[in-house]
Amino acid sequence: MRLPEPVDLDPILAACAGRGIDLGLDRLQAALAAGGHPERRFPAVQVAGTNGKGSIATFLHAILEAAGLRTGIYRSPHLQSWCERIQLGQQWVDGKTLQDDLRRWLPLATQHSLTVFELFTAAAMDRFARTELDLVVLEVGLGGRLDATTAHPDRRVVGFGPIGLDHQDFLGSTLAEIAAEKAGVLTASQVAISGPQAPAVAEVLERQAERCGCVLRWASPLPSEAEGGLPLGLPGTFQRSNGAVAVAMAESLIAQGWPISEQAIALGLQQARWPGRLELRRWQGREVLLDGAHNPPGAEALRRELDRLDQRDQLKGLPPAGPGSGGRRWLLAMQRTKDAPALLDALLGPEDRAAIVALADLPCWSVDALLAARPELAGRLQAVTHPQEGLRWLSPPGPLPVVAGSLHLLGDIWPLLDPPDPGTHM
């Protein structure tokens, strides 16, 4: 899946940039009302959670496309271009259209003190309305109850990916508190679908669904291909759970009268593509694995997948990545808002080493700060000054190297990678 070209939005977004993250619905709802209520001109489904949101949204969007519906998808964040956040059918929004849409909404954004994400959400809803789409998939940005996407009044079905500890500075310090914020998207008129959750999370979702009169259904992971399950276009065993949520959401839409066939579900699952999620690429011919894991639950899922791949490679007679291999090399960037020591605990094997790089214009964990938290990693962490130096550090022969820790890092290295091989799949 080829990403759109970067587009410079800084001069437009500068007017809202000072507000940072400021969760709430009142400002955006007022701006949308003043702008003619574009959010009322198309129905939507919404996807919440901590991890897997983008994958569920991608699967469902591909299913709707395969069914012949005129559909769009709203995602966040992006890898290298703001245009990635708005997809109309199989096309990204083009840069000129996006700039024009944001400029049209900028006076209302200034009047109502919108954040950057709120301005972007207003412009996206307006673009979806102008394109006259049948149904739009909205991925929650942060939390749920007060997220800008929740300003949409007609969210027919809501899906939940795994809910874990992340963004505690905004959502709460416990799983139950975070789950309550994410469950705040539920309303009486909806059907909600969730994959497996921790007991504390499941209790919150069930309680909130009962409180508001929402139907909550649980989706078990899809069977593997070896067990007769459908093939998936997104790699990783954890995608079996994300795919199951998307399928159950599609089935709920079918029950509401939407024309989605079993063939469309199967085709959509197989055709789904989303860059930077357990994706094999090459740098100067050297294979490297990319994954956007940036919180402990995502890191644990990535580690489980790597262990599975290592077992597969050993069965093929390839060099092991475990003890005696010299370890795996990692290129990591981790923002200060993340629990980086817990990320390292989840990601690094006993002999693994990591190069740590800072992201431009974002406060990140340094090697010194990481070693203060995890002194036992002395000699296994080293600083690199820029992503290209980090890629060179990954290049010696050995187990498959990995780039992770931040989607921003993936975006920084994207232009440096070899052209993608369309046939590469894990």
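Guide: Asp 166 is buried, with a relative accessible area of 7%; buried means under 20% relative accessible area, exposed over 50%, and partly exposed in between, with a 1.4 Å probe and protein chains only. The model is predicted, so local features need pLDDT of at least 70 and side-chain atom pairs count only at pLDDT 80 or more, while totals for chains, interfaces and linings use all residues. Residues are numbered from 1 along each chain as its sequence is written, and side-chain values use heavy atoms, with hydrogens and water left out.

Asp 166 sits in the loop between strand E6 (155-160) and helix H6 (168-171). Helices (H or I, at least four residues) and strands (E, at least two) are DSSP runs, numbered from the N terminus. The side chain of Asp 166 makes a polar contact with the side chain of Lys 338, at 3.2 Å. A polar contact is a pair of N or O atoms within 3.5 Å; within protein, one must be able to donate a hydrogen and the other to accept it, and residues adjacent in sequence count only if both atoms are side-chain atoms. Contact in the plain sense means heavy atoms within 4.5 Å. With residues up to four places away in sequence not counted, Asp 166 touches Lys 338 along with Thr 50, Leu 171, Ile 178, His 294 and Asn 295.

Ile 73 belongs to strand E2 (residues 71-74) and is buried at 0% relative accessibility. Ala 129, in helix H5 (residues 116-130), is buried at 5%. Leaving aside neighbours within four places, Ala 129 is in contact with Pro 38, Arg 41 and Phe 42. The C-alpha atoms of Ala 129 and Asp 10 are 119 residues apart along the chain and separated by 25 Å.

Next, some backbone details. Most residues other than glycine have a negative phi, and most peptide bonds are trans. The peptide bond from Ser 76 to Pro 77 is cis, with omega near -10 degrees, and Pro 77 is in the loop between E2 and strand E3 (86-88). Leu 278 is not a glycine, yet has a positive phi of about 50 degrees. Leu 278 lies in the loop between helix H10 (262-271) and strand E9 (279-283) and is buried at 1%. Gln 284 also has a positive phi of about 50 degrees without being a glycine. Gln 284 is in the loop between E9 and strand E10 (286-290), and is exposed, at 61%.

Last, the whole chain. It has 15 helices and 14 strands. The radius of gyration, taken over C-alpha atoms, is 21 Å, close to the 22 Å that the globule rule gives for 426 residues, so the chain is as compact as a globular protein of that length. The rule is 2.2 Å times the number of residues to the power 0.38. The C-alpha trace spans about 60 × 50 × 40 Å along its principal axes, and 58% of the 426 residues count as buried. Of contacts with a separation of 6 or more, 75% join residues 24 or more positions apart.
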